[in-house]
Amino acid sequence: MNFKNLKDLEKHLNNQMKDTLLQVKEDVYSIIAEKLLQYYEEYTPVKYKRTYQLLKSLVKTEVVSTRYGFKANVYFDLSKIHYKNEKHSTVEIVKDTLNGQHGHFGCNYMPKEKWTSIWGESMLILDLDDYGVIDLIVQALKNRGIEVRQNIK
């Protein structure tokens with residue numbers, strides 16, 4: 001690939017980085033969404049009506065340019081969750097749910113080891129403690145024909 005000047009090269013690299021981050025954002029979102037759906041499928045509530053608020057609260061932002069490059073976020077938007085529970089806050093309920101609790105605080109319908117820990121299992125797949133997201137970025141760049149050498153491991 002030939003470029004007329006540095007500005008053209010910079011534009012090309014920026015487009016590649018933005019597209020790469022878009023792909024990685026989608027990958028991260030898909031991993032978390034898959035665990036979230038698995039969580040929903042493993043239990044049918046008997047004492048409450050499921051609202052799917054947690055499912056609807058998983059959001060992904062657009063890829064935006066920043067001073068240092070690009071950014072995108074995947075997160076649970078707590079403003080989209082309104083649980084009616086006098087004893088426990090929405091934050092407490094979401095935290096327990098992300099750790100695999102069904103029905104919040106004491107559901108005994110399933111052995112605990114069978115529950116899907118939405119967050120924990122997603123993070124194991126992403127392997128955040130061992131540069132997992134960086135590996136996703138590196139692979140996405142390589143898929144675009146950009147040679148990347150990793151020296152962090």
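Of the 153 residues in the protein chain, 31% are buried, where buried means under 20% relative accessible area, exposed over 50% and partly exposed in between, with a 1.4 Å probe and protein chains only. The structure is a predicted model, in which local features need pLDDT of at least 70 and side-chain atom pairs count only at pLDDT 80 or more, while totals for chains, interfaces and linings use all residues. Residues are numbered from 1 along each chain as its sequence is written, and side-chain values use heavy atoms, with hydrogens and water left out.

**Overall organisation**

The protein chain contains 5 helices and 4 strands, arranged along the sequence as α-α-β-β-β-β-α-α-α. Helices (H or I, at least four residues) and strands (E, at least two) are DSSP runs, numbered from the N terminus. The accessible surface of the protein chain is about 10800 Å², and carbon and sulfur atoms account for 52% of that surface; such areas come from the Shrake-Rupley method with a 1.4 Å probe, and for residues only the protein chains shown count as cover. Contact means heavy atoms within 4.5 Å. Of the contacts in the protein chain between residues at least 6 apart in sequence, 52% join residues at least 24 apart.

**Helices α1 and α4**

Two packed helices are described by the angle between their axes and the distance between the axes. The axes of α1 and α4 come within 9 Å and cross at roughly 145°; axes are lines fitted to C-alpha atoms, for helices over the stretch in contact, and angles run from 0 to 180 degrees between N-to-C directions. The residues that meet are listed below.

| Helix | Range | Residues in the contact |
|---|---|---|
| α1 | residues 6-41 | Val28, Ile31, Ile32, Lys35, Leu36, Gln38 and Tyr39 |
| α4 | residues 118-126 | Ile118, Trp119, Glu121, Ser122, Met123, Ile125 and Leu126 |

By class, this contact of α1 with α4 has 10 nonpolar, 2 polar and 2 charged residues. Ala, Val, Leu, Ile, Met, Phe, Trp, Tyr, Cys and Pro count as nonpolar, Asp, Glu, Lys and Arg as charged, and the others, Gly among them, as polar.

Leaving aside residues up to four places away in sequence, tyrosine 29 touches Leu58, Val59, Lys60 and Val74.

Serine 57 is in helix α2, residues 53-57, and counts as buried because its relative accessibility is 0%. The side chain of serine 57 reaches the backbone oxygen of leucine 54 at 2.8 Å. With residues up to four places away in sequence not counted, serine 57 touches Tyr75, Phe76, Asp77, Lys80 and Ile81.

Key:
A polar contact is a pair of N or O atoms within 3.5 Å; within protein, one must be able to donate a hydrogen and the other to accept it, and residues adjacent in sequence count only if both atoms are side-chain atoms.
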